[in-house]
Amino acid sequence: MSHIVREVDRPGSKPVHFWIGGNRLKRFEEWRWVSDGQRIEFFDFYKLQPNQDTSLCIVLWHPFKYDWADEPCTSSYGYICKI
Ligand SMILES: [Ca+2]
């Protein structure tokens, strides 16, 4: 993940959060990749994340040094389509 962070966190760039295409349909359900429905088997959530009932999508969260956080899927952030 460090190569992604280097790419999105360049000196002087505006801090932005990034969707990575992982979500779940309800709290306590499995996290899956939106692209193919595969179950996510590696997680990089920041401590105490995920932590919200209504946050069902995974985002690289800038204040957490781009560790993962759960956020409401309707929030407007940047996105990463393919690694
Ligand atoms: Ca959260």
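**A close look at the calcium site and beyond**

Tutor: Q49 counts as buried because its relative accessibility is 15%, where buried means under 20% relative accessible area, exposed over 50%, and partly exposed in between, with a 1.4 Å probe and protein chains only. This is a predicted model, where local features need pLDDT of at least 70 and side-chain atom pairs count only at pLDDT 80 or more, while totals for chains, interfaces and linings use all residues. Residues are numbered from 1 along each chain as its sequence is written, and side-chain values use heavy atoms, leaving out hydrogens and water.

Q49 gives its OE1 to the calcium ion, together with N51 (OD1), Q52 (OE1), D70 (O) and D70 (OD), at 2.2 to 2.6 Å. Donors are N, O and S atoms within 2.8 Å of the metal (3.2 Å for Na, K and Ca); water is not among the atoms, so sites may look incomplete. Along the chain, the donors follow the spacing Q-x1-N-Q-x17-D. N51, at 40% relative accessibility, is partly exposed.

Contact means heavy atoms within 4.5 Å; beyond its neighbours within four places in sequence, F18 is in contact with V8, I58, V59, L60, Y66, G78, Y79 and I80.
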